[in-house]
Every structure is written in C-alpha cells, then in structure tokens.
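Subject: A structure for you to look at

Hi there,

Here is the structure I promised to pass on to you.

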Amino acid sequence: MFKLLSKILPAVIFWGIFIFAILTVSYPENLTQANAVQMLSFFIPLFLALSLTINLFIKNIQSALSISLGLIFLLILKALDALNLVTAALIFIAVGLLISYFSKIKKHKSLTK
C-alpha cells in the first residue's frame with residue numbers, strides 16, 4: 001500500500017501544482033507574448049505531472065520523460081499554429097527512437113556496453 005502511495009502521491013502533487021498555476025498565473029493573449037515566468041510555471045509542472053503519470057503505467061522513467069517531452073512539443077507547436085503532419089511525424093519518430101534507445105539500455109543495464 002505504501003509503495004503504491006509513494007508512486008501516486010508525487011503525480012497528484014504535480015497535477016495540483018499545475019492546476020494551481022493555471023488558476024493563479026495571469027495568461028497572455030498568445031504564446032509568443034508570454035514571459036518566462038508564465039511559460040515556466042505552466043510547462044514545468046505539466047511536464048513533471050505527465051512524466052510521473054505515464055511512469056505509473058510503463059514503469060520506465062526515461063521512456064516516460066521522452067513521451068511527455070514529445071507531448072509538450074506537440075502542445076507548443078499547436079499553440080504556435082505550426083503543427084502539421086510533417087512536424088507531428090518527426091516528433092513521433094524522435095520519441096519512438098528515444099524509447100527504443102532507452103529500452104536497449106534497460107536490457108544491457110549499462111551505458112558503456
């Protein structure tokens with residue numbers, strides 16, 4: 001029970017921080033007008049919450065970080081109105097290559113081999 005709670009609690013905390021940031025930080029007209037505080041207060045808790053939530057299901061933190069980074073990139077491209085079939089495909093390919101690389105590392109259990 002404690003092991004499950006220790007995995008779920010950080011994800012819930014970061015989702016709470018993300019919701020708190022959405023409710024309290026003033027939002028700009030569009031993404032290009034946002035300052036660094038607005039960007040960081042939105043994307044860092046979102047990235048950590050997504051990573052920890054995905055890690056609950058796939059149980060590989062490197063792959064979870066790769067997937068959540070890909071989702072953040074897709075979100076940023078969508079907000080900039082630059083998301084199209086080519087950019088989405090490139091992000092999916094990059095995330096897939098990262099996941100395959102990290103699965104090979106997990107099999108060898110060493111970065112030097």
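**Starting from Leu46**

Leu46 sits in helix 2, where a helix is a DSSP run of H or I with at least four residues, a strand is a run of E with at least two, and both are numbered from the N terminus. Before we go further, please keep in mind that this is a predicted model, in which local features need pLDDT of at least 70, side-chain atom pairs count only at pLDDT 80 or more, and totals for chains, interfaces and linings use all residues. Residues are numbered from 1 along each chain as its sequence is written, and side-chain values use heavy atoms, with hydrogens and water left out.

Is Leu46 buried or exposed? Leu46 counts as buried because its relative accessibility is 9%; buried means under 20% relative accessible area, exposed means over 50%, and partly exposed is in between, with a 1.4 Å probe and protein chains only. Which residues does Leu46 touch? Leaving out residues up to four places away in sequence, Leu46 touches Trp15, Phe18, Ile72 and Leu75, a contact being heavy atoms within 4.5 Å. Leu46 and Ile17 are 29 residues apart in sequence, and their C-alpha atoms are 8.7 Å apart in space.

**The whole chain**

The chain has four helices and zero strands, and its pattern along the sequence reads α-α-α-α. Its C-alpha atoms fill a box of roughly 50 × 40 × 20 Å, taken along the principal axes. Of the 113 residues in the chain, 22% are buried. Among contacts with a separation of 6 or more, 52% are between residues 24 or more positions apart.

**Helix by helix**

Let us begin with helix 1, residues 2-24. Its 23 residues should span 33 Å at 1.5 Å a residue, and its end C-alpha atoms are 32 Å apart, which agrees. The expected span is 1.5 Å times one less than the number of residues. Where is the kink in helix 1? A kink of about 25 degrees lies at Ile8, shortly before the proline Pro10; the bend at a residue is the angle between axes fitted to the seven residues ending there and the seven starting there. Ala11, Phe18 and Ala21 are the buried residues of helix 1, and their cover includes helix 2 (36-58).

Helix 2 also has 23 residues, and reaches 32 Å from its first C-alpha to its last, close to the 33 Å expected at 1.5 Å a residue. Its buried residues are Gln38, Ser41, Phe43, Pro45, Leu46, Ala49, Leu50, Ser51 and Ile54. Helix 1 and helix 3 are among what covers them.

In helix 3, 19 residues should span 27 Å at 1.5 Å a residue, and the end C-alpha atoms are 27 Å apart, which agrees. The buried residues here are Ser63, Ala64, Ser66, Ser68, Gly70, Ile72 and Leu74. Take Ser66 as one of them: Ser66 is buried, with a relative accessible area of 5%. Not counting residues up to four places away in sequence, Ser66 touches Val95, Leu98, Ile99 and Phe102.

**Two loop residues**

Most residues other than glycine have a negative phi. Lys59, in the loop between helix 2 and helix 3, has a positive phi of about 55 degrees although it is not a glycine. Lys59 is exposed, with a relative accessible area of 55%. Asp81 is found in the loop between helix 3 and helix 4 (85-108), and has a positive phi of about 60 degrees although it is not a glycine. Asp81 is exposed as well, with a relative accessible area of 71%.

**The largest pocket**

How much space lies in the largest pocket? The answer is about 310 Å³. Of the 16 residues that line this pocket, Tyr27, Pro28, Leu31, Gln38 and Phe42 are the closest to its centre. Helix 1, helix 2 and helix 3 (61-79) are the elements that give two or more residues to the lining. Helix 2 gives the most, with five residues.

A pocket is found on a 1 Å grid over the protein atoms alone, as an open set of points where a 1.4 Å probe fits, with protein on both sides within 12 Å along at least five of seven lines; lining residues have an atom within 4 Å of a point. Grid points are joined across faces, edges and corners, and the volume is the space filled by probe spheres set on the points.
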